Amino acid sequence: MVLWNLFVSFIKIGFVSFGGGYAMIPVIQYEVEKHGWLSVQQFTDVIAISGMSPGPIAANAAVFVGYKAGGISGAIIAILAISVPSLIIVLLVSLVFTKVQHQPMIQSAFYGLRPVITGMIIFAAVQFAIQNNLIGIHHFHVTSLLFLFVSLGLLLFTRLHPAFVILLSGIAGIIVYF
Amino acid sequence: MGEGSKFTLIWKVFLTFLKISPITFGGGYAMIPLLEKAIAEKNRWVKKGEIADILAVAQTVPGSIAVNTATFIGYRLAGISGAISATLGIIAPTFFMIILLAALFLGFQHEPLVHAAFLGIRPTIVALILLAAFKIGKTAVIDKTTLFLTAASLLVFLFVPVQPIFVLLCGALAGIILQAKGKSKQFVENYEHAKTGGK
């Protein structure tokens, strides 16, 4: 049953995860939470490991979630399920249009789709901030927020690689919290 | 093309993407220079100019940009079996690495040292997600309508328990309906501008 749920969830994720990379996180998070495979905190750690490892972040996260929920077979099912939709769509696109991105209809759809994706990703950031105790209704965690703003600054204004920023924040975490 | 040479090509496609995969930290855009070298310079499978078109399609369809790009190039080279072998090539190495890391993490997550490191890392993940929102936002929010759509969808996600797929579909539909009213040209110009102006 777990394997079937993983399969269905990651097929769905594969079909709707526009934008790649961290933009795919909210969609995965929704399914993970629905099935109770991981807590949001655990899922944040999974994203951290996925971001530090080579390879596509979403595919990495799929393997990790699949492994946690259903062992090695869960991991295999998750990675195949998340890859199949893009395989099918890319094949269809190659058959039908050569320059799909210039189709007016597709462009119009993306005119409305992109803002919704933006809203969805901001929502994911808020949700992660709340669930990891960075912010709450009556409080906020000063040290964590400092970590947040410093890493955001590093990501926006330096050419440091995101994987390296994750690593740095881990070292800083050891210095501050250990 | 004979059976033997087709198999050789498929095997070569698989190996090429297998080798690109472990060195692309962060996936997607990070792999573009490596990809260019492997498929346009070393193997001359596609022309350099075509890579931009392939990437544009890879970003348009759902899924990881790296995986989509691999699939697309694999298909162009050797049909469906090429697409499958390229896809498997790009996901195989990271699969084994993540299994290893997942096993390590699940074993050591309660160690105080690991716990402390992750307390520092979690805010950075929030920052990375904000950064993704910012990057997509730059091409998404180009006028008042798209600003409104962004705010409206954020409110829906915050306060209405709804499947993301429905909100995404509504967004796409809204785009088609709004564009039919004749904003299309302005959007295309803005989008091209954002694409060339931004990173």
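In this predicted model, contact means heavy atoms within 4.5 Å.

Q: Which residues is B:Phe17 in contact with, leaving aside its neighbours within four places in sequence?
A: They are B:Leu35, B:Ile39, B:Ala70, B:Ile73, B:Ala86, B:Gly89 and B:Ile90. Each of these is called a contact because it has heavy atoms within 4.5 Å of heavy atoms of B:Phe17.

Q: Which residues touch the most other members of the largest nonpolar core?
A: B:Phe17 is one of them, along with A:Phe10, A:Tyr22, A:Phe43, B:Ile39 and B:Ile129. The core holds 103 residues. Helix H4 of chain A, residues 57–96, gives the most to this core, with 16 residues.

Q: Why is the pair A:Asp45 and B:Arg122 called a salt bridge?
A: The closest N and O atoms of the two residues are 2.8 Å apart. The cut-off is 4 Å, so the pair qualifies. Across the interface of chain A and chain B, the rule finds one salt bridge.

Q: What makes up the side of chain A that touches chain B?
A: Its residues divide into 62 nonpolar, 27 polar and seven charged.

Q: How many residues of each chain are in contact across the two chains, A and B?
A: 96 residues of chain A are in contact with 90 residues of chain B. Between them the chains bury about 8,600 Å², with 79% of it on carbon and sulfur atoms. A:Pro54, A:Tyr111 and A:Arg114 supply 9% of the area that chain A buries against chain B, more than any other three residues.

Key. Residues numbered from 1 in each chain as written. Chains lettered and ligands numbered in written order. Predicted model: local features only at pLDDT ≥ 70, side-chain atom pairs only at ≥ 80, totals over all residues. Heavy atoms only, no water. Core = buried A, V, L, I, M, F, W, Y, C linked by side-chain atoms within 4.5 Å. Buried < 20%, exposed > 50% of the residue type's maximum accessible area, 1.4 Å probe, protein only. Helix = DSSP H or I, 4+ residues; strand = E, 2+ residues; numbered from the N terminus. Buried area = accessible area lost by both parts, 1.4 Å probe. Salt bridge = Lys/Arg side-chain N within 4 Å of Asp/Glu carboxyl O. Nonpolar A, V, L, I, M, F, W, Y, C, P; charged D, E, K, R; others polar.
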